[in-house]
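Q: Please take a close look at a single part of this protein. I would like one connected account of a residue and its surroundings.

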Amino acid sequence: MRRRSTQSTLSTPRRFFFACFACSALIVVSSIAAYGQATPKFDSSRAWEHLRQMLAIGPRPAGSPAIEQTRKYIKDQLTAIGLKAVDQAWDDETPLGRVHMVNLIATIPGATADRLAITGHYDTKLFREFRFLGASDGGSSAAFLLELARVLKARRNRMTIELVFLDGEEAVIEWRGNDHTYGSRHYVDVAKRSGALDSLKAMVLVDMIADRDLGMRRDSNSTKWLTDIIWGQAAKMKLDGAFLPALTTVEDDHLPFLAAGIPSVDIIDLDYDAWHTQRDTIEAVSARSLQVVGDVLLASLPQIEAHLNH
Ligand SMILES: [Zn+2]
């Protein structure tokens, strides 16, 4: 289907080019990508498999052996698609003492060095009284970013894309003071000190995006033009049942970026019955929800790039 619609927009010489190679679907697909005529499609079945694999590791709180195992999984998957994850490691002070944390950063070079960061957390909240798997809360964002990495690696990107798997989003005890967003605060601190913040033009955060009954409201803390592009695109695609026009206010990993002056948006479904309960398991989430977010975000990227003049 995609090939046909793409070909109909091509000039005659290029149509001839494709006809010559029609016997090899692989060559045709790579040619389309090289000409920037089509973006590879987000495949939620791949994201779903990543989610299953990470849930099989068990609860994955910051500093645990299980999150170390999760990092290995993420890195191995990135390596398999030709991307290298760089560790941004540090020890942070928490109400439970020092905890070793690691953000994982994978960079996909674009036509310019200006960066668009796409981020999400991969840690799960520590609960001692029950087994918290975090299918949507921590699992969905990490699984989504892995599949998005595959798609964006094959896309011709106008800006450099930085995929950031954030550690320590969750409070070690309770969301107050500095007991939250350890990974995003550390990332922004490092970027400020190194001067890397100058080339960071915008940030898109995904969090809790696999709720079976997906309904994400616009976040009033997020940058308006970014929110308008993404929610507007969803409306064009008739996916406004998932990207709802109603407003809410969310505190999340986007706040340190916003405080540093980086336009940022949080795509999050906080209206999730299983939130921070033992019911946040594979039964509460769906691949379809990951697909909707993937489709809308990818369709929004050209507008985000255009807004940033790339
Ligand atoms: Zn949480």
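A: Beyond its neighbours within four places in sequence, Trp48 is in contact with Ile282, Val285, Ser286, Ala287 and Leu290. Contact means heavy atoms within 4.5 Å. This is a predicted model, in which local features need pLDDT of at least 70, side-chain atom pairs count only at pLDDT 80 or more, and totals for chains, interfaces and linings use all residues. Residues are numbered from 1 along each chain as its sequence is written, and side-chain values use heavy atoms, with hydrogens and water left out.

Take Ser286. Trp48 and Ser286 are 238 residues apart in sequence, yet their C-alpha atoms are 8.1 Å apart in space. Trp48 counts as partly exposed because its relative accessibility is 22%; buried means under 20% relative accessible area, exposed over 50%, and partly exposed in between (1.4 Å probe, protein chains only).

Trp48 lies in helix H4. Helices (H or I, at least four residues) are DSSP runs, numbered from the N terminus. H4 covers residues 44-57 and packs with H10, residues 287-307, at about 125 degrees, the axes being 9 Å apart. Therefore H4 is oblique to H10. Axes are lines fitted to C-alpha atoms, for helices over the stretch in contact, and angles run from 0 to 180 degrees between N-to-C directions. Angles under 35 degrees count as roughly parallel, over 145 as roughly antiparallel, 65 to 115 as roughly perpendicular, and the rest as oblique.

On the H4 side, Ser44, Ala47 and Trp48 meet Ala287, Leu290 and Gln291 of H10. By class, this contact has 4 nonpolar, 2 polar and no charged residues. Ala, Val, Leu, Ile, Met, Phe, Trp, Tyr, Cys and Pro count as nonpolar, Asp, Glu, Lys and Arg as charged, and the others, Gly among them, as polar.

Terms used: Helix = DSSP H or I, 4+ residues; strand = E, 2+ residues; numbered from the N terminus.
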